[in-house]
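Morning, everyone. Please have a look at the structure on the screen, and then I'll walk you through it.

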Amino acid sequence: MRRVFKISLAPALAAVALASMAVPMTADAQVRPGQQRPGSGSGENADGSQQNQRARTPRFAPLRRNAAAGPCPYVKILYDAARYVELTGDRVAASNVAFTGEIEGLTSECAYQGDEPITVETRVLFNLGRGPQADGDARTYRYWIAVTERNKAVLAKEYFDLPVDFDGALTTSVTQDQTIVIPRAAATTSGDNFEILVGFDVTPQMAEFNRTGSRFRVNAGALAPSAADQ
């Protein structure tokens, strides 16, 4: 189901001569239960062998090519929020993992001419899993998209619910399409004034776990407690 979101931006827009700007977003998700993750953790298989580098490349349909009169906004995954790992107990171990997630791929295209708004089409690939401590077969993940003045203030941030039914599988993949429209006050305001960031809604503990470089595979704990890789 396609939804439309409208965001009212902060007064910081005046810094880039955008006047009173809104950033509408549309979302369209496709879920593929049980799909194998294109790349995992340390890049090794369960038997310890190195995976083919080509297999780590996310495989999902590319976006259509759009014409832009200038540079596009920078579109990135925020490192601290790129992974979602729910842990139970007082020990970081695969046997204590509940639900997991990783933003595996992100592509984008933009279009604008003259003083038209900047339209950014993005496609995000989420790989999700449930470990031995997962409660049930379904989970509603939450993620966000933020539009910022490049390397400066956040202009808009919107949260999205991502309900997932694993349907008995240990892993699943979700492709989420987003359309972001950034109005401009003048033709001289180009796309590289902006950054678009994507991330999971994580707790401070999850963010710190990600920041240290620690990680689990999406299917952590499914085979054995040793499935965790740092």
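One term before we start: a contact here means heavy atoms within 4.5 Å. And helices (H or I, at least four residues) and strands (E, at least two) are DSSP runs, numbered from the N terminus.

Now the ground rules. This is a predicted model, where local features need pLDDT of at least 70 and side-chain atom pairs count only at pLDDT 80 or more, while totals for chains, interfaces and linings use all residues. Residues are numbered from 1 along each chain as its sequence is written, and side-chain values use heavy atoms, with hydrogens and water left out.

The overall picture. The protein has ten strands and one helix. In sequence order, the pattern is β-β-β-β-β-β-β-β-β-β-α. Of its 230 residues, 47% count as buried. Buried means under 20% relative accessible area, exposed over 50%, and partly exposed in between, with a 1.4 Å probe and protein chains only.

Start with strand S10, residues 194–200. Seven of its seven residues are buried. Phe-194, Ile-196, Val-198 and Phe-200 point one way; Glu-195, Leu-197 and Gly-199 point the other. In a regular strand, side chains alternate between the two faces of the sheet.

What does S10 pair with? Pairing takes at least two DSSP bridges between two strands. Strand S3, residues 74–77, runs parallel to S10, with four bridges. There, Tyr-74 has Glu-195 as its bridge partner. Strand S7, residues 138–149, runs antiparallel to S10, with seven bridges. Here Glu-149 stands opposite Phe-194.

Next, the core. A nonpolar core is a set of buried Ala, Val, Leu, Ile, Met, Phe, Trp, Tyr and Cys residues joined through side-chain atoms within 4.5 Å. The largest one has 30 residues, and Phe-126, Leu-128 and Tyr-141 touch the most other members. S5, S6, S7, S8, S9 and S10 each supply at least two residues of this core. S6 gives the most, with five. Phe-126 has contacts beyond four places in sequence that include Ile-103, Tyr-143, Leu-162, Val-174 and Phe-200.

Last, helix H1, residues 204–211. Which of its residues are buried? Met-206, Ala-207, Phe-209 and Asn-210. They lie on the same side of H1 because they cover an arc of only 160° around the axis, taken from the directions from the helix axis to the C-beta atoms. These buried residues pack against strand S4, 83–87. The face turned away from them carries exposed Pro-204 and Gln-205. After H1 comes Gly-213, with a positive phi near 90°.
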